Amino acid sequence: MSTETLTGAAGLRAFLDGLPGVDQVGAEERAARLASRSIKTTAKAEAIDLAVSMVDLTTLEGADTPGKVRALCAKAARPDPSDPSVPKVAAVCVYPDMVEVAVTALAGTGIGVASVATAFPSGRAPLAAKLADTRAAVEAGASEIDMVIDRGAFLAGDLAKVFEEIVAVKDACGGAHLKVILETGELATLDNVRRASWLAMRAGADFIKTSTGKVAPAATLPVTLVMLEAVRDHRAETGRQVGVKPAGGIKTTKDAVRYLVLVNETAGPDWLTPRWFRLGASSVLNDLLMQRRKLSTGVYAGPDYFTLD
């Protein structure tokens, strides 16, 4: 390892070690307090449409088929076929081998195609394989890449390895945006969440994302609060804005609205757009649609009214 790399690694560690510790009790109390806020009916209607527009509609199963992906893309473009006023979602997220199918199905809609990469969800693969994974997805047409960090390296203290892998994947993305999945359920502490957030941003992440959705716990309000504080402070320090994506465990309209309140009160209204905040929660879409229909018609449509994801 060169002297320059050693200096960089030492500087990175010194920076991350110098971050203030997270008051876990305080973070949990603040998240709970914000989650308890109620909003007016008119604001709720706006919040539901905003939440729909922030959804990354996702299928990441071994049994995924081209037909399933096409059906998901149709729902992404017209979440409620009977109501054209429902906004389209932000993106569809699939495995790399399904990117081309999604790109074709979504042509002309303006909906992004995101692909997981870098040996998702474990991240256990040589760097060359991770980069090949990323390049294949981009070449197939992915506009967004969701990578996973090497949590083993992070927890073992090999921060330079994690940093350098993110830098290399960012380079392989070309013009595609990079979301960096921290897998916060495996990071153990909110201090580690803060350190991983800053590491990812310094390495070039366009978004930081809580989870793969394959590990429990997935997204939580306190974890997302810490990540929102990180992106807010990062922009104040560097001038560069980074997005946040909580993923997994967001199932109801009430959950989604709580996250929007958290964004507004922590990072600020600049983040209340699909460009800077996403919800990795396919199952929440049907509940958002049911609540939207109830607000507009007074009739609560059952879950069977909408297609299953």
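Reply: Start with one residue and its surroundings, bearing in mind that this is a predicted model. Leaving aside neighbours within four places in sequence, T59 is in contact with D64, K68, V69, L72, C93, V94 and Y95. T59 itself lies in the loop between β1 (56-58) and α4 (66-77).

Me: Which side chains make polar contacts with the side chain of T59?

Reply: There is one with D64, at 2.6 Å, and one with K68, at 3.1 Å.

Me: Is T59 buried or exposed?

Reply: T59 counts as buried because its relative accessibility is 4%, and the cut-off for buried is under 20%.

Me: How is a pair of aromatic rings described?

Reply: By the distance of the centres and the angle of the planes. In this model the count comes to two aromatic pairs. F15 and W198 form an edge-to-face pair, with 5.5 Å from centre to centre and 65° between the planes. That pair links distant parts of the chain, since F15 is in helix α1 (residues 3-17) and W198 in helix α9 (residues 190-202), 183 residues apart.

Me: How accessible are F15 and W198?

Reply: F15 counts as partly exposed because its relative accessibility is 21%. W198 has a relative accessible area of 5%, so it is buried.

Me: What about Y95 and F120?

Reply: Y95 and F120 also form an edge-to-face pair, at 6.1 Å centre to centre with 75° between the planes. Y95 lies in the loop between β2 (91-94) and α5 (99-105), and F120 in the loop between β3 (112-116) and α6 (127-139), so the pair ties together parts that are 25 residues apart in sequence. Y95 is partly exposed, with a relative accessible area of 22%, while F120 counts as buried at 10% relative accessibility.

Me: Where do charged ends sit over rings?

Reply: The charged end of R202 sits over the ring of F15, 4.1 Å from the ring centre. The charged end of R275 sits over the ring of W276, at 3.9 Å from its centre.

Me: What is V92 in contact with?

Reply: Beyond neighbours within four places in sequence, its contacts are L57, L72, C73, A76, L106, I111, G112, V113 and A114.

Me: Which elements cover the buried residues of α3?

Reply: They include β1, α11 (253-266) and α12 (282-297). The buried residues of α3 are A47, I48, A51, V52, S53 and M54. In turn, the buried residues of α12 pack against α3, β1, α4 and α11; among them are V284, L285, D287 and R292. Just after α12, G298 takes a positive phi of about 80°.

Note on methods. Residues are numbered from 1 along each chain as its sequence is written. This is a predicted model: local features need pLDDT of at least 70, side-chain atom pairs count only at pLDDT 80 or more; totals for chains, interfaces and linings use all residues. Side-chain values use heavy atoms; hydrogens and water are left out. Rings of Phe, Tyr and Trp (its six-membered ring) pair if their centres lie within 6.5 Å; planes under 30 degrees apart count as stacked, over 60 as edge-to-face and the rest as tilted. Helices (H or I, at least four residues) and strands (E, at least two) are DSSP runs, numbered from the N terminus. Buried means under 20% relative accessible area, exposed over 50%, partly exposed in between (1.4 Å probe, protein chains only). A charge sits over a ring if NZ of Lys or CZ of Arg is within 6 Å of the ring centre and within 35 degrees of the ring normal. Contact means heavy atoms within 4.5 Å. A polar contact is a pair of N or O atoms within 3.5 Å; within protein, one must be able to donate a hydrogen and the other to accept it, and residues adjacent in sequence count only if both atoms are side-chain atoms.
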